[in-house]
Amino acid sequence: MPGDANPQVSAAGEAPAARSGPRHVAIIMDGNGRWAQARGRPRLFGHHAGARRVREVVECCPGLGVEYLTIFAFSTENWKRTQTEVAGLMSLFRRYISKEMNALAEKNVRVRFIGDRVRLDAKLIGLMDKLERKTEGNTGTQLTIALNYGGRDEVARATKRLARDVAEGRLDPDKVDEETLPRYLDTHVLPDPDLVIRTSGEARISNFLLWQSAYAEYEFIDTLWPDFTGEELERLCNSYGRRDRRFGAVKT
C-alpha cells in the first residue's frame, strides 16, 4: 500500500525549510563504457570500475550532510544493449550486493531498491530482498538503487495502483490531486531529490525520477562516472548551497 506523501514542495508551492546543502542527491552514473573504451578495455571493465566508485560516494555522504542518495544503476531502456553486456551487468549486480552487504549494514546504511523487478532473475531479486531486510533498521545514509527503473514506467505502474484503489472504492476520484500520485510511486517513503547529478557530459535526464525532480537543481558534468570522487561531490554540494531556490515564488 502507498505510504505518506514525500515531504517536499506542496501543491501551493511552499518551499521546504532552507538548508545550506542538499538533503537528497540523485546521480545518473554515466560514462562507464566510454571510460573503459578509452583504455582499450571492454565496456564491462568500466562497469566494474563504476561499481567500486559507489562505495566512496556513499561513505562521504554523512560528512556532506547528504541524508539520501539515489543512484541510477540500470534503466528500463538498458535491456536494449547487447545480451553480453546485460548478462554481465546482472552478474555484477549480484556480486556487488553479495560483496557489499555486510559493509553497508555495518556502516549503518539503509538500502532500498526501486524499479520493476519482474524481468530480473530470481537470484538477484533474492539478494535485493535480503539486503533490504538486513539494513531496514539502519538510520544512517539512505541509499536507494534504481534497478530496472524508468520514470515513465514508474508513473504508469503507480497510476494502475491508484486506478485499482478507485475502482475498489478505497479512493474517491474527486479527491485525487498532485499530492495523491506520489503516495503510489516507488519513492513514496523518500523526499524528492534536491540535486540531480549526471556524469559524462551528457545533458539529458534519461527518464530518471521524472515526477520527483520537478523542483530539483541539476548539474551536468563532464567527469566519467569511474573518475567521480568524493571531492567532486563536495564541490557540487557547495555549489548547490549557493543557489537561490525560489520554487516558483518571487522574493520581496
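A: Contact here means heavy atoms within 4.5 Å. That cut-off is needed for what follows. The model is a predicted one.

Start with the chain as a whole. Its secondary structure comes to 6 helices and 6 strands. Along the sequence they follow the pattern β-α-α-β-α-β-α-β-α-β-β-α. Of the 252 residues in the chain, 50% are buried. Take the contacts between residues at least 6 apart in sequence: 76% of them join residues at least 24 apart.

Now the pocket. The largest pocket holds about 690 Å³ of space. Its lining counts 33 residues. Nearest its centre lie Met29, Phe72, Ala73, Phe74 and Asn78. By class, the lining has 17 nonpolar, 8 polar and 8 charged residues. Several elements contribute to this lining. H1, H2, S2, H3 and S4 each supply at least two residues.

UniProt, in an unreviewed entry, places the feature "active site" at Asp30 and Asn78. These two are spread over 49 residues of sequence, yet they cluster in space, with a largest C-alpha distance of 12.1 Å. Both Asp30 and Asn78 belong to the lining of the largest pocket. The unreviewed UniProt entry also places the feature "binding site" at Asp30 and Glu217. From this second set, the pocket lining takes in Asp30.

Asp30 is found in the loop between S1 and H1. Its relative accessibility is 16%, so it counts as buried, since buried means under 20%. Leaving out residues up to four places away in sequence, Asp30 touches Arg198, Thr199, Ser200, Glu202, Leu224 and Trp225.

Asn78 sits in another loop, between S2 and H3. Asn78 has a relative accessible area of 15% and is therefore buried.

Turn to H2, one of the elements that supply the lining. Helix H2 runs over residues 43–64 and has 22 residues. From its first C-alpha to its last it reaches 31 Å, close to the 32 Å expected at 1.5 Å a residue. Its buried residues are Gly46, His47, Ala49, Gly50, Ala51, Arg53, Val54, Val57, Val58, Cys60 and Cys61. What covers these buried residues? The cover includes strand S1 (24–28), helix H1 (32–37) and strand S2 (68–75). It also includes helix H3 (83–106), strand S4 (142–149) and helix H6 (230–241). Just after H2 comes glycine 65, with a positive phi of about 80°.

Serine 206 has a positive phi of about 50°. Its place is in the loop between strand S5 (195–198) and strand S6 (217–220). Serine 206 has a relative accessible area of 28%, so it is partly exposed. Leucine 209 has a positive phi near 50°. Leucine 209 also lies in the loop between S5 and S6. At 2% relative accessibility, leucine 209 counts as buried.

Methods:
Residues numbered from 1 in each chain as written. Predicted model: local features only at pLDDT ≥ 70, side-chain atom pairs only at ≥ 80, totals over all residues. Heavy atoms only, no water. Helix = DSSP H or I, 4+ residues; strand = E, 2+ residues; numbered from the N terminus. Expected span 1.5 Å × (residues − 1). Buried < 20%, exposed > 50% of the residue type's maximum accessible area, 1.4 Å probe, protein only. 1 Å grid on protein atoms, 1.4 Å probe; cavity = no way out; pocket = protein on both sides within 12 Å on 5 of 7 lines; lining within 4 Å. Points joined across faces, edges and corners; volume = space filled by probe spheres on them. Nonpolar A, V, L, I, M, F, W, Y, C, P; charged D, E, K, R; others polar. UniProt positions renumbered as here; feature names shortened; annotations may be inferred.
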